[in-house]
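Dear colleague,

Please find the structure below.

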Amino acid sequence: DLLISLESVKKSYQQPNGQEITILENINFDLRTGEIVALLGPSGSGKSTLMRMIAGLIPPTLGKILYHNRPLVGLNPGVAIVFQSFALYPWLTVLENVELGLKAKGELPDRRREKALRMIDVIGLDGFENAYPKELSGGMRQRVGFARALAVEPELLCMDEPFSALDVLTAENLRFELLDLWLERRIPTQTILIVTHGIEEAVILADRIIVLGRNPGRVRADLPVKLPHYRD
Ligand code: ADP
Ligand code: ADP
């Protein structure tokens, strides 16, 4: 089942001196429902830019992005994002932050609360519903980021280096905890795109790896990962 298709996608930016700089060129690949794909590549190769285009936050300069075989216009309704730097609203509580995406989807207040609380419980934030982000550790803040993205039960969960702002131990714990939740089928999404520059993280989490090169970013490799035994 084709979820997303990229066809000859190019992205350029205008530099302040008026010159165009091409970040991504001739990008072609599909994302199918059920895949966990890691997007790898050196810093500056356009991984975040590519993810933002798939989410519909920014348009390609040339080429097409299809969502269920239809050209994507504006925000992608099937995508939720977990950002590297959490992107939480400091003046909202954990519960209110998690409810945001549901609000944007037009869920009614009761249903919104119910879904948000369920996700808060799954993701290990029970008891922190009324805390503010500044009262939480980095790991707990990113849990809020995950809960907010997952509460809407997205078709595609996009993660932009979700662990890189955390210390090594916190990152490792959260990564394995999420993997366990995934294996227990408690993560309400079927398809995942994770941007990372860690090959180890990619191999642990993904069943397919897409590698971008630099200047401009192009797909240098698109490989299956042999599933580790614990995912059989
Ligand atoms: P990666 O995620 O692989 O590190 P990015 O997609 O963040 O790469 O950025 C790729 C390149 O595009 C970088 O050189 C970055 O500075 C540039 N870039 C990203 N966004 C913009 C923008 N809005 N305007 C101009 N250049 C940008
Ligand atoms: P991250 O790696 O956390 O995604 P970046 O530093 O790549 O963050 O980019 C943060 C924001 O700044 C993004 O919206 C990106 O598009 C924009 N940006 C990045 N590089 C440039 C640039 N050279 N000129 C203008 N905007 C940029």
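How far is an oxygen atom of ligand 1 from a polar backbone atom of Ser45? The distance is 3.2 Å, which falls under the term polar contact (a pair of N or O atoms within 3.5 Å; within protein, one must be able to donate a hydrogen and the other to accept it, and residues adjacent in sequence count only if both atoms are side-chain atoms).

Please note that this is a predicted model, in which local features need pLDDT of at least 70 and side-chain atom pairs count only at pLDDT 80 or more, while totals for chains, interfaces and linings use all residues. Residues are numbered from 1 along each chain as its sequence is written, chains are lettered from A and ligands numbered from 1 in the order in which they are written, and side-chain values use heavy atoms, with hydrogens and water left out.

**Ligand 1.** Further contacts of ligand 1 involve Gly44, with a polar backbone atom 2.8 Å from a ligand oxygen, and Thr49, with a polar side-chain atom 2.5 Å from a ligand oxygen. On its own, ligand 1 has 560 Å² of accessible area, of which the protein covers 57% (areas come from the Shrake-Rupley method with a 1.4 Å probe; for residues, only the protein chains shown count as cover). The residues around ligand 1 (those with a heavy atom within 4 Å of it) include Tyr13, Ile23, Pro42 and Lys47. Helix α1 (residues 47-54) gives the largest share of this shell, 3 residues.

**Ligand 2.** Ser48, Arg52, Gln84 and Asp160 surround ligand 2. Oxygen atoms of ligand 2 lie 2.8 Å from a side-chain N or O atom of Gln84, 3.3 Å from one of Arg52 and 3.5 Å from one of Asp160. Of the 560 Å² that ligand 2 exposes when taken alone, the protein buries 25%.

**The chain as a whole.** The chain has 6 helices and 10 strands (DSSP runs, numbered from the N terminus: helices are H or I with at least four residues, strands are E with at least two). Its radius of gyration is 18 Å, close to the 17 Å that the globule rule gives for 232 residues, so the chain is as compact as a globular protein of that length (the radius is taken over C-alpha atoms, and the rule is 2.2 Å times the number of residues to the power 0.38). Along its principal axes, the C-alpha trace spans about 50 × 40 × 35 Å.

Yours sincerely
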